[in-house]
Amino acid sequence: MPFVSEKVKNLPPYLFASFQRKKKELEADGVDVIDLGIGAPDLPAPSFVVDRLAEEAEHAANQRYSTYSGCAEFREAVAHFYKQQYDVDVDPDTEVLALIGSKEGIANLMQAVIDPGDTVLVPDPGYPAYRTAVHLAGGVSAPLPLDDTNGYVPLYEQIGQELMNRAKMMLLNYPGNPTAATADFDTFLEAIAKAAEHNMLLVHDAAYDMITFNGYEAPSVLQVPNAKEHAVELGSLSKSFNMTGWRIGYAVGNAEVINALATLKSNIDTSQFLPIQKAAATALRSDLSAVKEHSSVYQARMEKLYSGFHDLGIHADKPNGTIFLWAQVPDGYSSMEFADKLLHEAGVIVTPGHAFGSRGEGYFRVALTVGEERLDEVIARLKKLDIKEGSHP
Ligand SMILES: *Cc1c(COP(=O)(O)O)cnc(C)c1O
């Protein structure tokens, strides 16, 4: 590959791609594959948001470049959302930036903050895009160990002082992908204290901040006093409003970092299409009842799968948020072996835990992105498998 950079050549293989290839092969053989692999909502965006997009797309003025940091209406709507949801004041001009989805934000934030050789603490298990973003920026990822014995909040005492001092950034994600773990305010209080003590930037990915249930409401890291001195929070409409393809999110917090990211992005993308920003502003200013409806859909699916798994002897912690169930692989299999077995013997795609870091081994992630009837079918198919025995070669 004479034209491909070392950076790209050295990217870890994209595991979802190999499962999608196998899915196509099985479907060609007539198998009815149920895909619980990729975390993409199956339901549509709210119609009032789609209507605003259609309306704004008609106006010629909206077909021009947006301002680099996103239009004022969008940034003000983000500030409004932070006030309503978290009672946090943010300046829409200096502390808010529109993103083309939070994945874009993660990748470019890394370029804006990390120099080659800098160390970044990355949750393990965690969202794989963190590690690749660090790699693309020439940084070095160090695992931030998370463990189910303490609800997947950071185990700082397992990280040496030297590493804590060396790290320039620490990433967190609650409610979390893949573990569905949630954090309380004290988790963020401690994280900000660590960021201050060790002079790190704390980046909190809040992609599932609004998808919560069982009475739980997710805090914002910016609720911690003085958080803006040490932290940036990333939000997205992708999961909460079923808007993955729209590519709209935001970064909020430390003005210096927001400015650095805006400067970088002004050289790369010139922000998102204005009608998308304006429709997203309408979503963020809404009463959020659409998001609550979406959350209750996920909750019902989660309860169904959770009890089905329970009957099968598959253990999972019952989550209070996200669109995932994170379950233990039965004894006798690696996570990859178990995911392969489910695909080939039941036509069900799940994601093996090791795809999210070495501490994900022993688990698998199920995305709750199909209807309840399909989840009944998943349970029915798993019941026919001999999984408790760990009966593999
Ligand atoms: C889905 C997801 C994202 C990406 O969201 P976009 O805004 O669509 O880019 C970011 N972080 C986590 C943890 C996710 O699961």
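Predicted model: local features only at pLDDT ≥ 70, side-chain atom pairs only at ≥ 80, totals over all residues.
**Notebook: a sheet, its helices and one buried glutamate**

Started with helix H6 (residues 128–136), which lies across strand E3 (119–124), E4, E5 and E6. I looked up its direction too: H6 runs at about 165° to E3.

Next I wanted the whole sheet. In what order do the seven strands of the open sheet come? I read off E2-E8-E7-E6-E5-E3-E4, and the pairing is mixed. Strand E2 (96–99) and strand E4 (140–145) are the edges; each has a single partner strand, so one side of each has no neighbour in the sheet. From one strand to the next, the twist averages 25°.

Strand E5 (residues 167–172) and strand E6 (residues 201–205) are parallel and share four bridges. I checked Leu-172 for its bridge partner in E6 and found His-204.

Another helix on the sheet is H4 (residues 72–86), and I looked up what it touches. H4 packs against E2, strand E7 (231–236) and strand E8 (249–253). Its direction makes about 60° with that of E8.

Now for a single residue. I went to Glu-104, which sits in helix H5 (residues 102–113). Is Glu-104 buried or exposed? Its relative accessible area is 13%, and the cut-off for buried is under 20%, so Glu-104 counts as buried.

What does the side chain of Glu-104 meet there? One of its polar atoms lies 2.7 Å from the backbone nitrogen of Ile-100. I also found a polar contact of 2.9 Å between the side chains of Glu-104 and Lys-265. Setting aside neighbours within four places in sequence, I listed the contacts of Glu-104 as Leu-99, Lys-265 and Asp-269.

Last stop was helix H10 (residues 274–285). Its twelve residues reach 16 Å from the first C-alpha to the last, close to the 16 Å expected at 1.5 Å a residue. How many of the twelve residues of H10 are buried? I get ten, and H10 is mostly covered. Among the buried ones I noted Leu-274, Pro-275, Ile-276, Gln-277, Lys-278 and Leu-284, along with alanines such as Ala-279 and Ala-283.

I also asked what covers the buried residues of H10. The cover includes helix H3 (47–57), H4, E2 and E8.

Technical notes:
Residues numbered from 1 in each chain as written. Heavy atoms only, no water. Pairing = 2+ DSSP bridges. Helix = DSSP H or I, 4+ residues; strand = E, 2+ residues; numbered from the N terminus. Axes fitted to C-alpha atoms, helices over the stretch in contact; angles between N-to-C directions. Contact = heavy atoms within 4.5 Å. Buried < 20%, exposed > 50% of the residue type's maximum accessible area, 1.4 Å probe, protein only. Polar contact = N/O pair within 3.5 Å; in protein donor to acceptor, adjacent residues only side chain to side chain. Expected span 1.5 Å × (residues − 1).
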